[in-house]
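This report describes a structure chain by chain and then turns to the places where chains touch. The sequence and the coordinates come first, and the description follows.

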Amino acid sequence: MSRIGSVWPFETPMTDAAVLPRPRAATSTASTSRVLPVLTVLATLMWVWYAAAAWLNAPQVIERVLSDQPGWGLAELLPLTWSMQRPVLPAPHQIVLDMWRSIVDWPLDSPRSLLFHTGVTAASTLLGFVMGTLLGLVLSVLIVHSRTLDRSLFPWIIASQTVPVLAIAPIVIVALGSMGLTGVFPKSVIAMYLCFFPVTVAMVKGLRSPGVMELELMHTYAASAGHTFWKLRVPASLPFLFPSLRVGIAAALVGAIVAELPTGAQAGLGARLLTGSYYGNTVQIWSALVMAALLGLALTGAVAWAEKALMPGGRK
Amino acid sequence: MKPVETGVNLRPVVEVAEMSVKFAGEPPVIALDRVSLDIAEGEFISLIGPSGCGKTTLLRVIADLEQASSGRVMVNGMSSHDARLARAYGYVFQAPALFPWRTVLANVTLPLEVQGVPREQARETARMQLERVGLKGFESKYPWQLSGGMQQRVSIARALGFEPKLLMMDEPFGALDEITRDRLNEQLLRLWEREKRTVIFVTHSIPEAVFLSSRIVVMSPRPGRIVELIESRLPADRRLDIRETPEFIDVAHRVRLALRDAHD
Amino acid sequence: MNALPVGMALAGHPGRWAFFALLLALVVLAVVSLRRLSALDPKRWQVRFATPLLFGAWVLLFWELLTQGFDVPKVLLPAPTVVWVSLLQGAPTLQADFVQTVLHSVLIGLTLGSGLGFVVGVLIDRSPFLQRGLLPVAALASTVPLVGVAPIMVMWFGFDWHSKAAVVVVVTFFPMLVNTLAGLASTGTMERDLMRSYGAGYWRTLFSLRIPVALPFVFNALKINSTLALIGAIVAEFFGSPVSGLGFRISTEAARLNMGLVWAAIVVAAVAGSLLYAALEWVERRSTFWHPSIRVG
């Protein structure tokens, strides 16, 4: 994949005058050239958000508050649109404030604390992720070493990526619930089966990635299947495994959140989203959403960090 | 060293005056160092030199695919930029660079489409060019169905499509096997004899340069300079077996010496 | 449809041991037949399709036998025949759900979201600055559970399929944007120089060269998006959709313990997902016939 942004400058006029060589970019300017565009985009996003919030909330403000106050102007309107109780679109600072209050004001085990719900969702995500990864690893090893499984089971695993597997979530909750299993376990089962598909497919691809030449080399060493597996296939599969782990943990998080919906809003970020929408508490919905986004970032970041730690040479 | 004028058209087709190309770096990389060269109409010029001597850079600057840092380049009396927009030349790359989603015919009509030539006329011209390079009957094939040599012939047909007076070729036969290469060399020479276009040809093969050219430009390794200009007095209508004659070997020897001297 | 008395495998039933013997024989037969079939030459496409299909058939058979034989409660796992009956009986309802979810939410949202992602990709292609700014944001978006915007969309667009389509738009936008940019950047320098040597301008080069080269990437994103869209629409309906829809059907019937219909709805969703993917594959093959990964020549 070539560099993005390497578009040829199409209309560069030829000049007679000497074109001085470009000054060599020092490392500090190189990193600002990466950070500055992102900051610009985010800053623009903030501006647009505030403007949109003002615009979307204005009708309600005008109708409720200002209609009995003659002679109001923008100076009165704007602050009101950004501090409504049930806004159509909350302003960023409202969300941050709500998140702060729900984290700080309540103890960690209180169902009013956002961190409590985050912890619940994170627990099922992580448990499901671990189970799904293990299942995926075991299954991929079996598939690579058994032709029967490869030809009969693996096509189904590939095909299942086109199917909305998440739709089974309510069934799993109800079925496990009828067996008396509630709480974290059914949710992590759902997270598990969402995560194991990408891991299995990627690991099969990775375990099979060594070329004919490398396999024949091991053959000339009279290496057993076990040797070939541990010394060749496993290291070769790592560059395939880690990206799939990142996909897997993001999928596990979606699974954990969705799993909280059918049980009728008890605990977790999904439940919080649901209660917020039932009671029309817009700011709560947004705080839960932002928290879920942060959780996703943290989890994916953790996997990326693990990748760096375990593969110091970097990916090929 | 002042080149010989052909006398037919006194104004050179290509004039390069004290042209340099520098790239930023510590210290700056000088790809071409004050190169001067005049190319008259109808000449077949080969640029030859070791890797990194700037011969491709020189060609690309003339084609306005790269910018010079200083100096002047004129093509047909215009700046190279204007010459490109006026479609004054055809360019053949090292690889065929055909578009795999277009048939052979559609690939050859591509530059004509860009120029706005009407569709039927473009296709007629394309068929003619394909016949010229010996590929009649392959119009509706796709590039990946052809061999490497045939693909390169298609790209030559494409470059000739709008009948440019100037043809620039950057090691076009480098990736081919020797037998195909010989055949294409001969075909190219026949084409040049018939039509008397001006050709600038980059190569690192001495026999190829001597076989094809009327004049050979020897360049030094980086920083690229023109070390010597060698006229080839070989007869214009050459066949491949001229490569065994003493005159040929003599010219090739001179080129080899010039290259070795440049290297020291 | 039941040839087998329910609960045959349970204690006290007279035919118990015959049932177990039958099961054992079938297991042996299944394993042997699968091993034999897998050993055949996979180059022939009939063999490639027959093996997983046979596997699937055996799974269905054992599913039926075990659920009926052990009288597994329907809440846990209904037998395939039960699911089939629910499918036939619930056909009108499921058809309405299909129209609501797949035809409205998924197809419209997928088209809009992918189209928007493509257009934005082409627009910011000219600005490396904007690309450097937006790509990290897009990468971030892929780690975030975007289906969570469903309640917000319901608030803005109401309970009907419009809010679900809006969720699909959000979910499919980023993968298409990233892939469009990657595809546009993947043009070779030689080909770009070629167009430049023809004096071709930006838009000419875009349409004649860079967009065809980007098509394999665009289709890659479309296929990913088709799955994401279906999941997005169904999950968005889990959040509340008092009208109709496959997700609505699944969650409400599951709450009523009407598992036959739930599984039937899932079958409909699964078939819809596979068909959509297969349709996209077919279009991909026709329009990127020239790509090395697709052509045979």
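## Domains of chain B

The domain assignment of chain B gives domain 1 (1-88 + 165-264) and domain 2 (99-163), the bounds being taken from an automatic or database domain assignment. The C-alpha centres of these two domains of chain B lie 26 Å apart. Nine residues of domain 1 of chain B are in contact with eight residues of domain 2 of chain B, where contact means that the C-beta atoms of two residues, placed from the backbone, lie within 7 Å. On the domain 1 side, the largest share, three residues, is supplied by helix α6 (residues 178-195) of chain B. By class, that side of domain 1 of chain B has six nonpolar, two polar and one charged residues; Ala, Val, Leu, Ile, Met, Phe, Trp, Tyr, Cys and Pro count as nonpolar, Asp, Glu, Lys and Arg as charged, and the others, Gly among them, as polar.

## Basis of the description

This is a predicted model, in which local features need pLDDT of at least 70 and side-chain atom pairs count only at pLDDT 80 or more, whereas totals for chains, interfaces and linings use all residues. Residues are numbered from 1 along each chain as its sequence is written, and chains are lettered from A and ligands numbered from 1 in the order in which they are written. Helices (H or I, at least four residues) and strands (E, at least two) are DSSP runs, numbered from the N terminus.

## The sheet of chain B

In chain B, six strands form an open sheet in the order β6-β7-β8-β3-β9-β10, with mixed pairing; two strands pair if DSSP finds at least two bridges between them. The edges are taken by β6 (89-92) and β10 (226-231) of chain B, each of which has a single partner strand, so one side of each is left without a neighbour in the sheet. From one strand to the next, the twist averages 15°. Strand β3 (residues 44-48) of chain B and strand β8 (residues 198-203) of chain B run parallel and are joined by five bridges, and Leu47(B) stands opposite Val202(B) in β8(B).

Helix α5 (residues 148-160) of chain B packs on this sheet, touching β6 and β7 (166-170) of chain B, and its direction makes about 165° with that of β6(B). Such angles run from 0 to 180 degrees between N-to-C directions, and axes are lines fitted to C-alpha atoms, for helices over the stretch in contact. Helix α8 (residues 246-263) of chain B lies across β3, β9 (215-219) and β10 of chain B, and runs at about 175° to β10(B).

## Chain A

Chain A has twelve helices and zero strands. Buried residues make up 37% of the 316 residues in chain A; a residue is buried if 20 or more other C-beta atoms lie within 10 Å of its own, exposed if 12 or fewer, and partly exposed in between, with C-beta atoms placed from the backbone. Among contacts in chain A between residues at least 6 apart in sequence, 74% join residues at least 24 apart.

Gly119(A) lies in helix α4 (residues 114-145) of chain A and is partly exposed, with 16 other C-beta atoms within 10 Å. The C-alpha atoms of Gly119(A) and Ala167(A), which are 48 residues apart along the chain, are separated by 24 Å.

## Chain C and its contacts

Chain C is divided into domain 1 (16-72) and domain 2 (88-287), whose C-alpha centres lie 36 Å apart. Towards chain B, 15 residues of chain C are in contact with 17 residues of chain B. The elements that give two or more residues to this side of chain C are α8 (189-197) and α9 (202-238) of chain C, and the largest share, six residues, comes from α8(C). By class, this side of chain C has seven nonpolar, three polar and five charged residues.

Between chains A and C, 53 residues of chain A are in contact with 66 residues of chain C. On the chain A side, α12(A) gives the most, with eight residues, and the residues of that side divide into 35 nonpolar, 14 polar and four charged.

α7(A) and helix α10 (residues 246-255) of chain C pack at an angle of about 10°, with their axes 9 Å apart. The two helices, α7(A) and α10(C), are therefore roughly parallel to each other, a term for angles under 35 degrees, while those over 145 count as roughly antiparallel, 65 to 115 as roughly perpendicular and the rest as oblique. The contact is made by Pro170(A), Ile171(A) and Val174(A) of α7(A) and by Ile250(C), Ser251(C) and Ala254(C) of α10(C). By class, the contact of α7(A) with α10(C) has five nonpolar, one polar and no charged residues.
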